[in-house]
Amino acid sequence: MSEQRFGEFVAVRREGDGHVAELAMDRPKAMNAVSTEMARSIGAACAALAADPSVRVVVLSSTAERAFCVGADLKERNSLSDTELVRQRPTTRGAYGGVLALPMPTIAAVHGFALGGGFELALACDVIVADEAAVVGLPEVSVGVIPGGGGTQLLPRRVGAARAAELIFTARRVEAAEALSLGLVDSVVPAGQDTAEALALASRMAANSPVGLRAAKRALRLGHGMDLEAGLEIEDAAWRTVAFSGDRVEGVAAFNEKRKPNWPGE
């Protein structure tokens, strides 16, 4: 396994062919509370991954035993002046936006607490795999703020406006089984197996065309919320980027020759 550090609190790990990258939040003593330094590191790691054409799928994980991420570092936040808070905002937005903007499929591996900004990092991913001990929620209004890492926009896209409103306005925490039933997470696995299951799922995704994966994600993201006619135009534009690609040529050839494709990734 290779590992690249981004500051003290973030590591990117890759095994084998390196097509699956694990972006690991590594601040266990603070249960991955997102400080300014950690936010900057998450943003930097995402920028590096987005620019790497060999990465086909990213898994967002945690090294903390009790939590995926408990959200903003409120101890640090309490020490900031209003001016410092304003200056910090682009850095924190860069972390959440960095995960959201990754061009390849992303999977969050959630265990323990995923609260506030922690759950927003998971929501920024395409798929959320949670273990049976996971607890998720957006409790920001209970401390006098609102979800500011994308939660007010991403949660209703997952569960609908009314359900999102209830969850945000009550600030309640949701355990894994209910989270699955509400669509807050996409699967629940045995305790401690979230990262392994997410990596296995990522490997299955990464076996497919990298050009196709990125184009499909682009069509899904850009088309969401559009009327059908506009969405189909977005899909057509994405189709055109793959229809004349080397991956399409290789995929068709491999199918006809009954072999696994060797994707050129272009």
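Which residues does Asp131 touch, not counting residues up to four places away in sequence? Please take me through the surroundings as well.

Reply: Happy to. Keep in mind that this is a predicted model. Not counting residues up to four places away in sequence, Asp131 touches Val110, His111 and Gly112, then Ala176, and then Val188, Val189, Pro190, Ala191, Gly192 and Asp194. Asp131 itself belongs to strand S8, which covers residues 127-131. Is Asp131 buried or exposed? Its relative accessible area is 3%, and since anything under 20% is called buried, Asp131 counts as buried. For a sense of distance, take Ile42, which is 89 residues away along the chain: its C-alpha atom is 23 Å from that of Asp131.

Now let's step back to the sheet that S8 is part of. This is an open sheet of 7 strands, with mixed pairing, and its order reads S1-S2-S3-S4-S6-S8-S11. The edges are taken by S1 (2-6) and S11 (187-189); each has a single partner strand, so one side of each has no neighbour in the sheet. On average, neighbouring strands here are turned by 20° against each other, ignoring direction. Two of the residues Asp131 touches, Val188 and Val189, fall within the edge strand S11 (187-189). Another one, Val110, falls within S6 (residues 106-110).

S4 (residues 57-62) and S6 pair in the parallel sense, over 3 bridges, and Val59 is the residue standing opposite Ile107 in S6. On to S3 (residues 20-25): S3 and S4 also run parallel, joined by 6 bridges, with Leu23 opposite Leu60 in S4. So what about S4 itself? 6 of its 6 residues are buried, so S4 is largely enclosed by the rest of the structure. Both of its faces are covered: Val57, Val59 and Ser61 are buried on one side, and Val58, Leu60 and Ser62 are buried on the other.

Take H9, which spans residues 210-223: its 14 residues reach 20 Å from first C-alpha to last, close to the 20 Å expected at 1.5 Å a residue. The buried residues of H9 include Val211, Leu213 and Ala215, and also Arg214 and Lys217.

S5 and S7 (residues 113-115) run parallel and are joined by 2 bridges; the bridge partner of Ala67 in S7 is Phe113.

Last, a couple of ring details elsewhere in the model. The count of aromatic pairs comes to 1. It is made by Trp239 and Phe244, whose ring centres are 6.1 Å apart with planes at 70°, so the pair is edge-to-face. Trp239 is partly exposed, at 48% relative accessibility, while Phe244 is exposed at 66%. As for Arg27, it lies over the face of Phe9, at 5.0 Å from the ring centre.

Terms used: Residues are numbered from 1 along each chain as its sequence is written. This is a predicted model: local features need pLDDT of at least 70, side-chain atom pairs count only at pLDDT 80 or more; totals for chains, interfaces and linings use all residues. Side-chain values use heavy atoms; hydrogens and water are left out. Two strands pair if DSSP finds at least two bridges between them. Helices (H or I, at least four residues) and strands (E, at least two) are DSSP runs, numbered from the N terminus. Axes are lines fitted to C-alpha atoms, for helices over the stretch in contact, and angles run from 0 to 180 degrees between N-to-C directions. Rings of Phe, Tyr and Trp (its six-membered ring) pair if their centres lie within 6.5 Å; planes under 30 degrees apart count as stacked, over 60 as edge-to-face and the rest as tilted. Buried means under 20% relative accessible area, exposed over 50%, partly exposed in between (1.4 Å probe, protein chains only). A charge sits over a ring if NZ of Lys or CZ of Arg is within 6 Å of the ring centre and within 35 degrees of the ring normal. The expected span of a helix is 1.5 Å times one less than its number of residues. Contact means heavy atoms within 4.5 Å.
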